[in-house]
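Please examine the sequence and the structure before reading on.

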Amino acid sequence: MRTVGNARNGGIGAPVGVFLTVAFLAAGALGAAQPATGIPPEVVQLTQFGPALGVGLAALLWPGRVRALLAGALRGRRAGGGALLLTAPLIIALSAGAYALLTGDARFTRPDTLEHPFALIVVAQMIGACGEEIGWRCFLQPLLRTRYGPLTTSVTVGAIWGVWHVGVFAEDPVYATAFLVGAIAMSVVMGWALEGTRAGGLPLAGGFHALINLGMLLLMDEESGAVLPMTLFGAACLAAAVLWTWRNSRTAPAARIRTIPEHVR
């Protein structure tokens, strides 16, 4: 067994570079093409499939290595899965509750008042979230994890994930900063939850991501560019990340760099 990053199997720079280049460029192209498709962005944003296309190209170039990284992503169960999925509504409840206390406005959008059927939105959000998470949490996270510890890896992936949402930086700087904090914090939560075993990572990461999106759709007003709800959301995500880190730093053994079979290239 050797780490993915050793000289013999070529390091991680090229796969990371190819993945990120495609993830960013494809997201931009898909976003520009969305109006022509007639698919409402409120249902699903095509940009979410940029990371999946990045994984697809990496799989063509390094099939064995990508297959090893994605092993088990679609099947099996994880011990931390239930806690991860529970964390998503808790984050939404904390941020929405704080917003209601501070403003006196308990926001709630009834699902039956949405422009599109809620069942369709739920399914589309799950598909879109998985389109992202197969890249961020099922490919980039385990690839970087072969070089770095779990917390460093999760923070790095979260920062890249946040910057990938490039449109957010056209908003108020406080809004953009809160969004970036939230992205990094959610990445830390998912990184700890998915640490230790790769089984079932995609549905769990996708489920967490989709629950966050759906909760924000029904209970938050961050899409308007309002600073307060995004700030409260970022703070709630940060609190969750601190708790997950505290819990895992007390119970987990010393971080080990993950390895994949030496013959997998």
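**Aromatic rings and cysteines**

The structure, which is a predicted model, holds three aromatic pairs. A pair of aromatic rings is described by the distance of the centres and the angle of the planes.

**Aromatic pairs**

- Phe19 and Trp136 pair edge-to-face, with 5.5 Å from centre to centre and 80 degrees between the planes.
- Phe19 belongs to helix 1 (residues 13-37) and Trp136 to helix 5 (residues 118-145), so this pair ties together parts that lie 117 residues apart in sequence.
- Phe19 and Phe139 form a tilted pair, with centres 5.2 Å apart and 50 degrees between the planes.
- Because Phe19 lies in helix 1 and Phe139 in helix 5, this pair ties together parts that are 120 residues apart in sequence.

**Cluster and burial**

- One aromatic cluster is formed by Phe19, Trp136, Phe139 and Trp164.
- Phe19 counts as buried, at 0% relative accessibility, and Phe139 is buried with a relative accessible area of 0%.

**A charge over a ring**

- The charged end of Arg137 sits over the ring of Trp161, at 4.3 Å from the ring centre.

**Cysteines**

- A disulfide is a covalent bond between the sulfur atoms of two cysteines.
- A search of the whole structure finds zero disulfides.
- The cysteine sulfur closest to that of Cys130 is in Cys138, at 8.1 Å, which is too far for a bond.
- Cys130 counts as buried at 17% relative accessibility, because the cut-off for buried is under 20%.
- Cys237 also counts as buried, at 0% relative accessibility.

Terms used: Residues are numbered from 1 along each chain as its sequence is written. This is a predicted model: local features need pLDDT of at least 70, side-chain atom pairs count only at pLDDT 80 or more; totals for chains, interfaces and linings use all residues. Side-chain values use heavy atoms; hydrogens and water are left out. A disulfide is a pair of cysteine sulfur atoms within 2.5 Å. Buried means under 20% relative accessible area, exposed over 50%, partly exposed in between (1.4 Å probe, protein chains only). Rings of Phe, Tyr and Trp (its six-membered ring) pair if their centres lie within 6.5 Å; planes under 30 degrees apart count as stacked, over 60 as edge-to-face and the rest as tilted. Helices (H or I, at least four residues) and strands (E, at least two) are DSSP runs, numbered from the N terminus. A charge sits over a ring if NZ of Lys or CZ of Arg is within 6 Å of the ring centre and within 35 degrees of the ring normal.
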